[in-house]
Amino acid sequence: MATTQKTASPKKSEGFQGVRGAFWIIVVCGIIAFTLFNLWFGNPMHFQDGLAKTTPADVWGTIFKGGVIVPVIHTLLLSVLAMSIERSLALKTAFGKGSLPKFVANIKAALNANDFAKAQQLCDKQKGSVANVVSASLNAYKEMESGANATLKKSQKVSKIQQAHEEATQLEMPTLTMNLPIVATIVTLGTLTGLLGTVVGMIRSFSALSAGGGADSAALSAGISEALINTAFGIGTSWCAVVSYNYFTNKVDKLTYALDEVGYSIAQTYEANHTEEA
């Protein structure tokens, strides 16, 4: 029991570890998006007829004619950008101060030389999630060599080291994957919201065609413009979300692979250096 308690609580990474209240990120992005929509895109200077806001004079006025769904999509887009910055900073802390492949290679070299003091020094210098997990595994290794665990078989001691490694990894994983599910949701939500805007714009276009038995060219062009603008922003938002999600998922995978590699090396080192009688 004492071994589990010590190894299951590695020290946390220093520095920025992510924003847990992602809801507030979305709220702030929504406020910014709707403010820009009304005060900038909807500014009379972007329309030929000023306050009437029926004929856009530039691209900003054209975006405003996309309708109220535009700031909704902009909220999603800004949320993706904000969470990408948040994940970038958090994973930078998790990876530590040095090169992760070099750190893993140095740890394995220290283990092969049975220099656990150097391995611990490397962890203290590297910091981050990988260093924390490796440090917890090293502590478990040392505990298995203590007299308090002399009654355990070698296979049980190796299992204890592996358990300490797995528990420390599980403590770090929430920080690594935080907010990624939200980005994954926006991948689909961006496209669907853009599609909704497209449908609304097309409904307006067909309404203009059927009104009075003839086509109102201004209303028809406005509906088509709304449809195309929402489609463009919806696709753009989903594109950014896909790139962001895959990029950060790949970085998390690289980190977990490094954790598995070092954890396996520590357990194998103990098994190779100790006989069953130990």
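1. Gln48 is exposed, with a relative accessible area of 63%, where exposed means over 50% relative accessible area, buried under 20% and partly exposed in between, with a 1.4 Å probe and protein chains only. The residue sits in the loop between α2 and α3, helices here being DSSP runs of H or I with at least four residues and strands runs of E with at least two, numbered from the N terminus. Not counting residues up to four places away in sequence, Gln48 touches Thr55, Pro56 and Ala57, a contact being heavy atoms within 4.5 Å. The C-alpha atoms of Gln48 and Gly61, which are 13 residues apart along the chain, are separated by 9.3 Å.

2. On the basis of the values: this is a predicted model, in which local features need pLDDT of at least 70 and side-chain atom pairs count only at pLDDT 80 or more, while totals for chains, interfaces and linings use all residues. Residues are numbered from 1 along each chain as its sequence is written, and side-chain values use heavy atoms, with hydrogens and water left out.

3. As for the chain overall, the secondary structure comes to 10 helices and 0 strands. Of its 278 residues, 42% count as buried, and residues 24 or more positions apart account for 77% of the contacts with a separation of 6 or more. The chain exposes about 14,300 Å², of which carbon and sulfur atoms supply 64%; accessible areas come from the Shrake-Rupley method with a 1.4 Å probe, and for residues only the protein chains shown count as cover.

4. Lys53, in the loop between α2 (22–41) and α3 (59–64), has a phi near 55°, a positive value in a residue other than glycine; Lys53 is partly exposed, with a relative accessible area of 24%. Asn114, in the loop between α5 (100–112) and α6, also has a phi near 55°, and Asn114 is partly exposed at a relative accessible area of 42%. Most residues other than glycine have a negative phi.

5. Helix α6 (residues 116–126) packs against helix α7 (residues 128–144) at an angle of about 155°, with the axes 8 Å apart; axes are lines fitted to C-alpha atoms, for helices over the stretch in contact, and angles run from 0 to 180 degrees between N-to-C directions. The two helices α6 and α7 are therefore roughly antiparallel to each other, a term for angles over 145 degrees. The contact is made by Phe116, Ala119, Gln120, Cys123 and Gln126 of α6 and by Gly128, Ala131, Val134, Ser135, Leu138, Asn139, Tyr141 and Lys142 of α7. These residues divide into 7 nonpolar, 5 polar and 1 charged, with Ala, Val, Leu, Ile, Met, Phe, Trp, Tyr, Cys and Pro counted as nonpolar, Asp, Glu, Lys and Arg as charged, and the others, Gly among them, as polar.

6. The axes of α7 and helix α8 (residues 154–177) come within 9 Å and cross at roughly 160°, and α7 and α8 are therefore roughly antiparallel to each other. On the α7 side the contact includes Ser129, Asn132, Val133 and Ala136, while residues of α8 in the contact include Lys157, Lys160, Ile161 and Ala164. By class, the contact of α7 with α8 has 9 nonpolar, 5 polar and 3 charged residues.

Definitions and conventions: Parallel < 35°, antiparallel > 145°, perpendicular 65-115°, else oblique.
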